[in-house]
Amino acid sequence: MKARYKRMMFIVLGLVAVAAIAALILNALQSNINHFFSPTEVVAHQAPQDRTFRLGGLVEVGSLEREDDGLTLQFKITDNAEAVTVKYTGILPDLFSEGQGVVAQGKLGNGGVFMAEEVLAKHDETYMPPEVADALEKAEDAAAQGAAK
Amino acid sequence: MIPEIGQFALIIALCLAIVQGIFPILGAQLNIRPWMAMARPVAQGQFIFIAISFACLVYSFVTDDYSVLYTASHSNSLLPVQYKVAGVWGGHEGSLLLWAMMLGLWTFLVTLFSKNLPDEMVARVIGVLGLIAVGFLLFLLLTSNPFERLLPAAPDGRDLNPLLQDFGLIIHPPMLYMGYVGFSVAFAFAIAALIGGRLDAAWARWSRPWTIIAWSFLAGGIGLGSWWAYYELGWGGWWFWDPVENASLMPWLVGTALIHSLAVTEKRGAFKRWTVLLAIIAFSLSLLGTFLVRSGVITSVHAFATDPERGTFILGFLILVVVGSLLLYAWRAPKIGEGGKFELVSKETMLLVNNVILAVMSAAVLLGTIYPMIIEGLASVGLIDAVNKVSVGAPYFNAIFVPLLVPLVFLVGMGPLARWKKADMPDMVRQLRWAFIASAIFAVVMPFLMGGWSWMAALGMVLAAWIVTTAIYSLRARFKATNAELPWGHRLNAIPRSFYGMHLAHIGVAVCIVGATMVSNYMSDKDVRMDIGDTVTVGGYTFRFDGVIETKGPNYTANRGLIRVLQDGREVMTMEPEKRVYTVQTMPMTEAAIDTGIWRDLYVSLGEPVSGGAWSVRVYHKPFVSWLWTGVILMVLGGVVAMSDKRYRVMARKEKKAKAEAKIATPKLATEKA
């Protein structure tokens with residue numbers, strides 16, 4: 001009887017633990033998945049309004065503007081079809097430059113401006129020349145668009 | 001000429017590895033002694049030839065031989081010589097060669113420190129290591145030949161990525177790979193045990209020191225990587241939940257479970273199947289990490305040049321290893337008996353829960369890391385609707401780690417004091433009540449000392465203090481149990497080193513928790529635009545920007561900012577962050593200026609020039625951040641102290657004696673069972 005009771009305890013505790021852990025993981029996963037959208041999709045209102053997501057493409061040449069405080073920046077991310085204005089306050093990563101590939105994470109603000117909380121530029125092992133990055137981004141965007149349809 | 005020698009040496013190494021993977025294992029099965037005896041010399045030869053090959057690649061880097069494609073892509077004549085050497089593992093092909101050499105080195109060490117193991121065991125372990133080497137050498141030669149020629153030769157190299165031109169590159173990858181590859185030894189021991197059917201306390205005692213040292217290397221490698229990212233990436237983060245970081249964390253978590261599970265197998269003969277399974281999983285996760293990094297399936301700061309062929313090869317190898325070893329496990333594991341019985345409240349149960357938590361942590365990291373691939377995979381076969389690419393954010397990992405860490409750390413305090421088989425809970429509560437009260441007080445007081453209440457900070461403090469106070473209690477109890485008539489030194493010496501090592505590593509965990517908690521809750525930072533003479537105050541320090549001067553390094557030009565730090569109106573130091581531009585790739589690089597202290601780091605990095613001599617500047621005050629890496633160092637030291645425990649040596653000597661006697665009694669003893 002004692003052994004059976006012990007085994008029951010093990011099983012019950014185990015099941016409770018499994019259920020708790022599964023709930024924890026699924027809940028955490030649910031609320032922390034960020035989808036990726038291209039500028040074309042954002043312009044077509046396919047991106048969510050109140051959720052964090054990732055916007056990726058190329059930094060449009062000539063679009064980078066700095067406000068007087070020197071820290072608030074505005075630039076456009078383009079997929080060579082459409083472009084979205086991005087606003088970001090802070091210091092940009094080293095590899096950020098116009099014409100380069102970039103991914104920004106944030107939310108859509110008023111007037112379709114993307115308020116970025118984080119800007120990621122790729123730190124590649126082998127340095128990627130702009131035209132290669134360009135081609136890659138184009139392919140990626142095409143794929144993303146294809147997937148969205 | 002030299003590169004061809006290198007490639008030829010690699011081919012010879014492959015041939016030797018094939019021999020090493022076949023004959024010793026067959027010899028052990030069929031009891032053919034000469035075949036078993038081949039294991040050591042062949043493995044040593046294999047290592048020597050890989051080392052020759054590696055030396056050839058180093059030579060072509062140091063002598064600027066740009067007729068070698070790999071050298072031309074990862075080096076430059078202006079590169080300082082230490083980075084030329086480290087540049088050897090700065091790209092895919094070379095780092096894979098380093099991987100293979102590390103595997104050879106571990107195998108070589110096994111051949112040296114296995115004199116006391118039964119011959120069948122040694123033959124099987126070295127044989128399994130040989131099979132793994134075959135996989136990696138084939139991978140190198142077929143898909144990633146570092147010696148491929150470039151005709152006509154490039155006039156100069158394309159240079160090493162400036163991010164990699166750092167002390168971190170010299171030590172981080174070799175250390176990390178020692179850890180990664182080190183789990184192959186634990187894996188080989190597990191497979192050898194499954195083949196031979198011998199899985200007992202002695203087996204656990206043999207594989208324990210190997211596992212602990214591999215675990216220590218991996219801990220050190222992960223810690224170094226984190227430290228490197230902290231000072232090199234220029235924005236002071238220390239862990240990013242990047243897929244490649246996760247790839248190294250997963251085998252480490254499972255390795256941590258394995259160390260604890262091996263303790264139960266050694267002391268109580270229990271958890272045998274679980275231990276073997278963990279050894280298999282730890283190594284499989286090492287391989288999975290390699291796959292994630294090499295195949296380019298996942299976007300990461302570590303991404304190497306992508307090549308689908310390489311990804312396919314590694315994936316195939318991974319599947320072969322995982323499926324092969326799991327089939328062997330399914331076939332042989334039922335023959336391994338169960339170990340000693342234990343009560344619900346016992347050291348065994350606590351270690352079991354520890355193992356489950358660590359396994360869950362690892363599984364959760366795995367899920368978060370490959371979730372984007374899973375979604376894409378399911379969408380591509382039509383099981384779910386196609387969706388946009390997804391990524392799993394860092395908050396996911398934090399949300400899982402914190403709640404799991406609480407019970408885990410609670411057990412870190414209880415476990416060492418609990419008895420095997422049956423622990424007395426009321427007695428433990430009585431023993432540890434002061435430790436708990438002290439931790440609680442500490443947790444309430446510390447946040448106020450740090451400048452404000454925070455539940456997370458209090459939680460972190462109670463966990464850290466709990467580990468330290470229970471460790472002190474446990475050491476004191478152990479000391480009291482020694483012979484009181486002996487002098488102090490002798491009494492301290494009577495406590496086994498593995499006991500000290502365990503507590504040292506546990507305290508390392510506590511120190512890490514303090515660092516992580518403090519820096520996450522009390523860090524202050526400011527991004528500011530600074531004209532010459534402007535000041536900004538962060539964390540009680542005032543930073544004054546005194547302009548920028550231009551300087552020149554061996555292969556870069558730089559703007560060096562001069563920032564004077566004042567405390568209570570007195571100038572305490574000058575910090576000189578740089579913004580470099582590396583000339584070959586015209587790549588900008590932020591070199592932060594860091595003042596490291598016990599209680600805080602000051603961290604300053606230059607942003608961009610704004611206008612008229614003004615710059616955007618980022619200033620951080622990071623309390624206790626250095627504790628993170630101090631904690632890792634303590635864990636590594638704990639591992640080293642534990643594996644130097646004399647029982648592994650004494651035990652080894654006894655085994656040797658027993659073996660010698662057995663040989664006299666039955667010259668052809670076969671431990672083969674079933």
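What follows is a close look at one helix pair, then some context.

Modeller: The model is predicted. The pair is in chain B, where helix α8 covers residues 167-196 and helix α9 covers residues 201-232. Their axes lie 8 Å apart, and the packing angle is about 155 degrees. Because angles over 145 degrees count as roughly antiparallel, α8(B) is roughly antiparallel to α9(B). The crossing of α8(B) past α9(B) is left-handed. Sorted by class, the residues in the contact of α8(B) with α9(B) are 20 nonpolar, nine polar and one charged.

For context within chain B, the domain assignment gives domain 1 as 1-165 and domain 2 as 175-414. Domain 3 is made of two segments, 424-522 and 627-637, and domain 4 is 524-624. Between domain 3 of chain B and domain 4 of chain B, the C-alpha centres are 37 Å apart.

Chain A can be described at the level of the whole chain. Chain A holds three helices and seven strands. Read from the N terminus, the order of elements in chain A is α-β-α-β-β-β-β-β-β-α. Chain A has 149 residues, and 30% of them count as buried. Among contacts in chain A with a separation of 6 or more, 52% come from residues 24 or more positions apart.

Terms used:
Residues are numbered from 1 along each chain as its sequence is written. Chains are lettered from A and ligands numbered from 1 in the order in which they are written. This is a predicted model: local features need pLDDT of at least 70, side-chain atom pairs count only at pLDDT 80 or more; totals for chains, interfaces and linings use all residues. Axes are lines fitted to C-alpha atoms, for helices over the stretch in contact, and angles run from 0 to 180 degrees between N-to-C directions. Helices (H or I, at least four residues) and strands (E, at least two) are DSSP runs, numbered from the N terminus. Angles under 35 degrees count as roughly parallel, over 145 as roughly antiparallel, 65 to 115 as roughly perpendicular and the rest as oblique. A crossing is left-handed if the near helix is turned anticlockwise from the far one by less than a right angle, and right-handed if clockwise. Ala, Val, Leu, Ile, Met, Phe, Trp, Tyr, Cys and Pro count as nonpolar, Asp, Glu, Lys and Arg as charged, and the others, Gly among them, as polar. A residue is buried if 20 or more other C-beta atoms lie within 10 Å of its own, exposed if 12 or fewer, and partly exposed in between; C-beta atoms are placed from the backbone. Two residues are in contact if their C-beta atoms, placed from the backbone, lie within 7 Å. Domain bounds come from an automatic or database domain assignment.
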